[in-house]
Amino acid sequence: MAVVSVSMPEELLERIDEFATDHGYTGRSEVVREASRNLLGEFQDRELEDHDLMGVVTVLFDYETTSVEERMMRLRHEHEELVTSNFHSHVGDRYCMELFILEGDLEGISEFVGKVRATSDILTVDYSVIPVDDFTAALAR
């Protein structure tokens, strides 16, 4: 097995080590391998291919990191055909939340989520994807 060097904040490394211990992993490498497999596989759901999808992407970042908000707006405009709605809110005294409503195919939504995740200084990214055409068929009955 190849050995890979990865840079990450000390706090994240501590969380990974704690997670490994709490959940019975043999060490941080096993946690990182599983997380990598899950991340790489999450948009390879064959059941979602060839469907019209709706996605909700929630992004949390520190208010003091103003460049994140600017980068989120740039992504919104770059993906105008995909982003149907966008909402910005302040959370507590220190954080901002950006919520994106997406409508498109699996490839477009996965590309958008990937670009959001690749944005530095983001604290969390959460998303869900729902096939919209299934609802359309159910309503037609």
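The model is predicted, so local features need pLDDT of at least 70 and side-chain atom pairs count only at pLDDT 80 or more, while totals for chains, interfaces and linings use all residues. Residues are numbered from 1 along each chain as its sequence is written, and side-chain values use heavy atoms, with hydrogens and water left out.

Helices (H or I, at least four residues) and strands (E, at least two) are DSSP runs, numbered from the N terminus, and two strands pair if DSSP finds at least two bridges between them. By these rules, 4 strands build an open antiparallel sheet, ordered β2-β3-β1-β4. The edge positions belong to β2 (83–91) and β4 (122–131); each has a single partner strand, so one side of each is left without a neighbour in the sheet. From one strand to the next, the twist averages 15 degrees; here axes are lines fitted to C-alpha atoms, for helices over the stretch in contact, and angles run from 0 to 180 degrees between N-to-C directions.

Strand by strand, the pairing can be followed across the sheet. Strand β3 (residues 95–104) is joined to β2 by 8 bridges in the antiparallel sense. Within this pairing, H88 has E98 of β3 as its bridge partner, and H90 stands opposite C96. The two strands form a hairpin with 3 residues between them, and G92 in the turn has a positive phi of about 70 degrees. On to β1: this strand runs antiparallel to β3, with 10 bridges between them, and M54 finds its bridge partner in E103 of β3. Another 9 bridges link β1 to β4, again antiparallel, with V57 partnered by Y127 of β4.

Helix α4 (residues 106–117) packs on this sheet and touches β1 (53–62), β2, β3 and β4, its direction making about 5 degrees with that of β1; contact means heavy atoms within 4.5 Å. Rings of Phe, Tyr and Trp (its six-membered ring) pair if their centres lie within 6.5 Å, and planes under 30 degrees apart count as stacked, over 60 as edge-to-face and the rest as tilted. The model has 2 aromatic pairs by this rule. For F100 and F112, the ring centres are 5.1 Å apart and the planes are at 75 degrees, so the pair is edge-to-face.

Grid points are joined across faces, edges and corners, and a volume is the space filled by probe spheres set on the points. The largest pocket has a volume of about 1,200 Å³. Its lining has 21 residues, with L12, R15, I16, I122 and L123 the closest to the centre. In this lining, 14 residues are nonpolar, 4 polar and 3 charged, and α2 gives the most, with 6 residues. The second largest pocket holds about 450 Å³ of space. Of its 14 lining residues, V4, V6, R28, S29 and V32 lie nearest the centre.

How values were computed:
On a 1 Å grid over the protein atoms alone, a cavity is a set of points where a 1.4 Å probe fits but cannot get out, and a pocket is an open set with protein on both sides within 12 Å along at least five of seven lines; lining residues have an atom within 4 Å of a point. Ala, Val, Leu, Ile, Met, Phe, Trp, Tyr, Cys and Pro count as nonpolar, Asp, Glu, Lys and Arg as charged, and the others, Gly among them, as polar.
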